[in-house]
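The following note is intended for a colleague who is new to this entry. Its points are numbered and may be read alongside the sequence and the coordinates.

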Amino acid sequence: MAAPAIIVALGQAWLLAGLAAGVAFLLFGLDRRDAAARGAYGFRPLLLPGLVLLWPLVLWRWLEPPSPSRQPSLRRSHKRAHALLWLGLACILPAILATALALRRHDIPVPASVRIDTGPSERDE
Amino acid sequence: MSVSYRPVGWTRSKIVYDAVLIAGIGLYLAAFMRSAPRGRPAGTLLDDQSLAIKAYGSCAFLLLTLVLMIGPLARLDARFLPLLYNRRHFGVITCTVAAAHAMAVFDWYFAYSPLSPWVALFATDTTWGDLRGFPFIPFGLAAFLILLVLAATSHDFWLNFLTPPVWKSLHMSVYAAYGLAVLHVAFGAFQDARNAGLPVLVFGGSTVLVTLHLAAAWREHRLDRRGPVDATGWIAAGRIGDVPAGRGLVVPLADGSSVAIFREGDALSAISNLCAHQNGPLGEGRLRDGCVICPWHGYEYRLRDGCAPAPFTERVATYKLKLEADMILLDPKPNPLGTTVEPIAIGERGR
């Protein structure tokens, strides 16, 4: 099978597995996993796309033993990651755009205009 | 959230926010469809489908650039905070416009292929060895997939289910989506030198965006380095006069955490600087009726015990304070969640 067909088949398999896992979680896992979901039904369809796309993460969290009380974080650890990411982007983005600018096509041919004549029968009318 | 989930927690401000955003998008698309054909050389008129693809694509890129500006703008200037409160709606709408672009491309360029349209999507555009004509569709597809995952996990359920650190890490992938979108544009529409507006949009937008994010990161860095960092015993957090009116005095600690000290009337209280919802900076929040309101999403915590008022159940740690003359001393050990700490009276010292 050619590579594009394999990619598409893998994507379809991922989505089918996600649909099965997502529906199972909505039916059997959600109420037990999250007290705020009990008795609330209107928001459930909104969860399905995320459940389908992230099903391995969903299964991992579903099967993980629930921790009785989660302590709120005292540190904002993503601040450092944010600074590093934008330092990286500050270097990469100008390089990408400069490369793209150098490659721009100025010689794209403009096709000559073609006059569309009406047929004799139409002209006679 | 700690109360029953709803599909969308509509408020008047959210309705106005969304209405303004959708109206702005409508105006942009109408203006683009009307003005873009006029700027093209004679003989290069676009068909309606190609025009729609360009309109949706440029709109999605513009929205992505704007939504990424909201965070640093709000960090640098509190007047932008109202834009931050409903940023998730902005993100979902951005993803919707990007989806319109993707569907328009799919329907026009791949729907009539003898292959399956999805196979055709991956089978064309494979000149990886040549920078001129480098494939740009995979970059756009990857950026769209990231936006789709972020939009699909924007409900508060996901924050609770994945835990705030995992959710935040997942949603930081929006920066990767922006980089991929730049690659998609740079090796796609950018390559047509007849398109004069796009370089301005991409260069200008990315320059402003990088500058804002680096400025916000620098501000955070300076705040973190400020003040005492002795983690043993009581530490000198600052003088009474250092506590800003209506805001918190943020005190960084040696372990990387930080505490927000508030003055309400003639009394001082200290709680964790991080909101239990998305780790928003409580020290930059407003005070109302003995509660601090998180500037990011409006979560409230009582200063006395760090608990959200009923029916909410979020809690943050409280800290002990004492005064020596007008110097505020802070015990850097967080109290167990829910511990009530009586505010300390300032008396004559604060006047």
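**Notes on the predicted model**

1. Leu16(A), Leu19(A), Val23(A), Leu27(A) and Phe28(A) together make a nonpolar surface patch of about 510 Å². The model is a predicted one.

2. With regard to disulfides, the count over all chains is 0. In general terms, a disulfide is a covalent bond that joins the sulfur atoms of two cysteines. For Cys275(B), the closest cysteine sulfur is that of Cys294(B), at 4.0 Å, which is too far for a bond, because a disulfide requires the two sulfur atoms to lie within 2.5 Å.

3. Two cysteines of chain B may be considered for their burial. Cys275(B) has a relative accessible area of 1% and is therefore buried. Cys95(B), at 5% relative accessibility, also counts as buried, since the limit for this class is under 20%.

4. Chain B contains an open sheet of 3 strands, arranged in the order β1-β10-β9 with antiparallel pairing. Its edge strands are β1 (235–239) and β9 (321–324), each of which pairs on one side only. On average, neighbouring strands of the sheet are turned by 35 degrees against each other, direction ignored.

5. Within this sheet, β1(B) is paired with β10(B), residues 327–330, in the antiparallel sense over 4 bridges. Gly238(B) is placed opposite Ile328(B) of β10(B).

Notes: Residues numbered from 1 in each chain as written. Chains lettered and ligands numbered in written order. Predicted model: local features only at pLDDT ≥ 70, side-chain atom pairs only at ≥ 80, totals over all residues. Heavy atoms only, no water. Patch = residues over 30% accessible without salt bridge, like charges linked within 9 Å, V, L, I, M, F, W, Y side chains within 5 Å. Areas by Shrake-Rupley, 256 points an atom, 1.4 Å probe, with all protein chains shown as cover. Salt bridge = Lys/Arg side-chain N within 4 Å of Asp/Glu carboxyl O. Buried < 20%, exposed > 50% of the residue type's maximum accessible area, 1.4 Å probe, protein only. Pairing = 2+ DSSP bridges. Helix = DSSP H or I, 4+ residues; strand = E, 2+ residues; numbered from the N terminus. Axes fitted to C-alpha atoms, helices over the stretch in contact; angles between N-to-C directions.
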